[in-house]
Amino acid sequence: MSNKGKESAVILSQECIAPDIYSMWIQTEKIAAGAVPGQFISMYTKDGSKLLPRPISLCEAESQKGQIRVVYRVTGAGTGTEQFSRMKAGDTIDILGPLGNGFPLDTANGSRAMLIGGGIGVPPMLELAKQLDGEKTLVMGYRDGQFLKEEFEQQGSLFIATEDGSAGTKGNVMDAIAANELSADIIYACGPSPMLRAIKRYAEEKKIVCYVSMEEKMACGIGACLACVCQSKEVDGHSHVHNKRVCKDGPVFLSTEVEI
């Protein structure tokens with residue numbers, strides 16, 4: 001599903017939308033035309049000492065305008081993401097994508113869908129919410145500052161969990177699901193491993209089909225280096241062990257396919 005080929009794209013806008021969280025719109029007809037919710041792009045810095053790109057999930061893709069949006073967290077001073085945050089409209093950035101396999105849109109088929117995002121796993125759920133038909137319940141978990149709240153409210157019933165209790169349910173997304181007695185026929189989730197582990201267990205107990213987008217540190221982003229493998233139920237045809245490459249085989253998996 002990857003249309004590989006690095007390109008130099010123009011940044012249309014950049015803004016800080018929450019503490020350490022930045023939103024960037026990029027002009028790229030090729031990626032916008034082929035992107036599927038749940039896929040990602042590799043973004044390259046202009047720092048020659050940083051050879052490896054940074055994988056960033058797609059937040060939105062406007063195919064008619066030829067534009068994509070990424071929402072990312074700055075992870076520290078001197079990092080690639082910190083360098084991205086200093087870029088502005090009119091600057092060019094080297095990107096590669098779309099990469100990986102996204103969420104299967106036809107699986108919902110009008111069912112009651114629950115979209116769950118946690119932390120920096122929140123942004124990729126927006127384009128999925130926009131493209132899914134039928135009844136949608138959105139459960140988003142934040143450490144403190146909220147972002148994309150207004151956009152999610154336009155897509156379905158939104159429930160929020162915050163670690164500090166500043167909004168919605170105090171706790172995590174599972175606390176919000178329990179507190180609001182939420183239910184669904186199918187689940188789509190993206191976030192840190194502890195969150196996905198709890199959601200996988202919940203889905204199996206409730207016998208709900210569940211797709212998870214896994215977060216792993218990546219190097220090449222195209223499946224060649226095996227730096228981002230996760231444990232799978234079946235033997236992988238590439239490495240011939242119980243592994244799957246998150247960048248190439250994922251990042252989206254049926255929850256029963258993988259060990260989290």
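Tutor: We will take a few labels in turn and set each value against its definition. This is a predicted model, where local features need pLDDT of at least 70, side-chain atom pairs count only at pLDDT 80 or more, and totals for chains, interfaces and linings use all residues. Residues are numbered from 1 along each chain as its sequence is written, and side-chain values use heavy atoms, with hydrogens and water left out.

Student: Why is G80 called buried?

Tutor: Buried means under 20% relative accessible area, exposed means over 50%, and partly exposed lies in between (1.4 Å probe, protein chains only). G80 has a relative accessible area of 0%, and therefore counts as buried.

Student: Why does R73 count as partly exposed?

Tutor: Its relative accessibility is 26%, so R73 counts as partly exposed.

Student: What does G80 touch, leaving out residues up to four places away in sequence?

Tutor: With contact taken as heavy atoms within 4.5 Å, G80 touches T45, K50 and R54. R73, leaving aside neighbours within four places in sequence, is in contact with D20, I21, T81, G119, I120 and R143.

Student: How do you know which residues belong to the "binding site"?

Tutor: That comes from an unreviewed UniProt entry, which lists R54, P55, I56, S57, V71, Y72, R73, G80 and T81. Such annotations may be inferred rather than shown by experiment; the positions are given in the numbering used here, and feature names are shortened.
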